Amino acid sequence: MTNNQLTQLPDPIFKDLINLKYLNISSNKISSWGDNLFKRTFQLENLDLSQNMIALVNSSSVQDFKEIKTLDLRQNPFACTCDLRWFRDWMNTTTISILHNEAYLCNSPPEWHGKKLLSFDRHKINCVWFTTIQIIVAAVCGFLAFVIVIAVVYKRRWYIKLRWYRIQRSVRRSGGSGAVGYQKLDGDVNKYDAYICSASENYQWVLKNIFPGVDCGDLETVTFGGEFKLYFEDRDAEPGKAEVYNIIENMEASRVVLIILTRDFMAKERYKFEIITAIDLLEKGKISDILIVNVDGLTARHVPRLLRRKMERHDFLTWEDSEEAKLTFKEQLVDGLRRKRRMENVI
């Protein structure tokens, strides 16, 4: 089969030649052969593959060389790269006589072109750069994935906290330990008339424009002289308790939720979380209404989708700086809170 311009050998070609002892396939254009080509050549002892186009030899290529005594691979264009390391090690350990191996030459890469194959081994070629590139790529991808996960978790942190709170509460209840914190009982009145949702940046605005004449408590030595008990986080949050617990448990303990709608309020995820929580409680009947005080003149497109219907119906209190407008606003707020209280008492 020598000098026949062969480029490949189908696996079944030698399947019936079980007594074949010598095979010369030299001076062709064979670059590789199938794993099963020599599976049934049980008696093959001498194999000549010289003067072909063989660049690489791997372990599956020689797995059936059980009876071979001599192997000739002269004048093949060996690629002395990391992929040839296994074959080069095999040359040192095999019992097969590799004929004229001192004449085998590397054809590539350029730095090894023309050098003897026997001078090539795994210690003389730098294969670490493959691993280094893979490590760098993996590290960069891992870092980017980490950053993305952190960003998503940070953005959704309040919703994650809500889910975690609900899981913990379910576990406590199923364990028979009872609910922790304020819980409504049949016939019980709300602990608070209203839960105030406001941005920390609007702290002074709330103290100046909401509390006087409305809240029945005091803060910073100021007594407000109102008739309603308002929940205000800076004053009423339980110290040491997680924010999400204070939000949910005190919102559940309130008759209505009063949202102080400002640009500062809408700019932070925490306040969007409070809106989602309030709407969820409203739908479950745990609060009776959501009252909105539109301070900055925001429109429906500025608010979350769940509040958009209220805004489109103009179902909110408008704040203006004129004295008459302030009096009107305060009367509307008080009337709204009284109405919700009367409705609960009737029920």
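**Ground rules**

I number residues from 1 along each chain as its sequence is written. Since this is a predicted model, I hold local features to a pLDDT of at least 70 and count side-chain atom pairs only at pLDDT 80 or more, while totals for chains, interfaces and linings use all residues, and side-chain values use heavy atoms, with hydrogens and water left out.

**Confidence**

I looked up pLDDT, the predictor's confidence in each residue, from 0 to 100, and found a chain mean of 87, with 90% of the residues at 70 or more. Over residues 177–188 the pLDDT stays under 50, and for this stretch the model has 20 contacts (heavy atoms within 4.5 Å) beyond four places in sequence.

**Overall make-up**

I took helices (H or I, at least four residues) and strands (E, at least two) as DSSP runs numbered from the N terminus, which gives 10 helices and 13 strands. Of the 347 residues, 40% count as buried, where buried means under 20% relative accessible area, exposed over 50%, and partly exposed in between, with a 1.4 Å probe and protein chains only. Among contacts between residues at least 6 apart in sequence, 64% join residues at least 24 apart. The accessible surface comes to about 19700 Å², of which carbon and sulfur atoms hold 54%; these areas come from the Shrake-Rupley method with a 1.4 Å probe, and for residues only the protein chains shown count as cover.

**Nonpolar cores**

I searched for nonpolar cores, meaning sets of buried Ala, Val, Leu, Ile, Met, Phe, Trp, Tyr and Cys residues joined through side-chain atoms within 4.5 Å. The largest has 35 residues, and Phe38, Leu47, Phe65, Phe87 and Leu117 touch the most other members. Helix H1 (residues 85–93) supplies the largest share of this core, three residues. Another core lies apart from it, with 31 residues, among them Ala199, Ala253, Met266 and Phe273. In soluble globular proteins, nonpolar side chains tend to be buried together. For phenylalanine 87 I listed the contacts beyond four places in sequence, and they are Val57, Leu73, Phe78 and Leu117.

**A nonpolar patch on the surface**

I also checked for patches, made of residues with over 30% relative accessible area and no salt bridge, like charges being joined within 9 Å and nonpolar side chains (Val, Leu, Ile, Met, Phe, Trp, Tyr) within 5 Å. Ile136, Val140, Phe143, Leu144, Phe146, Val147 and Ile150 form a nonpolar one, with about 670 Å² of accessible area together. Leucine 144 sits in helix H2 (residues 128–155) and is partly exposed, at a relative accessible area of 47%.

**Salt bridges**

With a salt bridge taken as a side-chain nitrogen of Lys or Arg within 4 Å of a carboxyl oxygen of Asp or Glu, the whole structure holds 25. Arginine 341 pairs with glutamate 227, the closest N and O atoms being 3.5 Å apart. This pair links distant parts of the chain, 114 residues apart, with arginine 341 in helix H10 (residues 323–346) and glutamate 227 in the loop between strand E9 (222–223) and strand E10 (230–231). Arginine 341 is partly exposed at 24%, and glutamate 227 is partly exposed at 35%.

I then looked at lysine 310 and aspartate 315, whose closest N and O atoms are 2.9 Å apart in a salt bridge; lysine 310 counts as buried at 11% relative accessibility, whereas aspartate 315 counts as partly exposed at 34%. Through shared partners, salt bridges join Asp193, Glu227, Arg255, Arg338 and Arg341 into one network.

I found asparagine 107 in strand E6 (residues 106–108), partly exposed at 39% relative accessibility. Its C-alpha atom is separated by 4.9 Å from that of proline 77, which is 30 residues away along the chain. Not counting residues up to four places away in sequence, asparagine 107 touches Pro77, Phe78 and His113.

Asparagine 209 belongs to helix H4 (residues 203–209) and is buried, with a relative accessible area of 9%. Its contacts, leaving aside neighbours within four places in sequence, are Trp319, Phe329 and Lys330.
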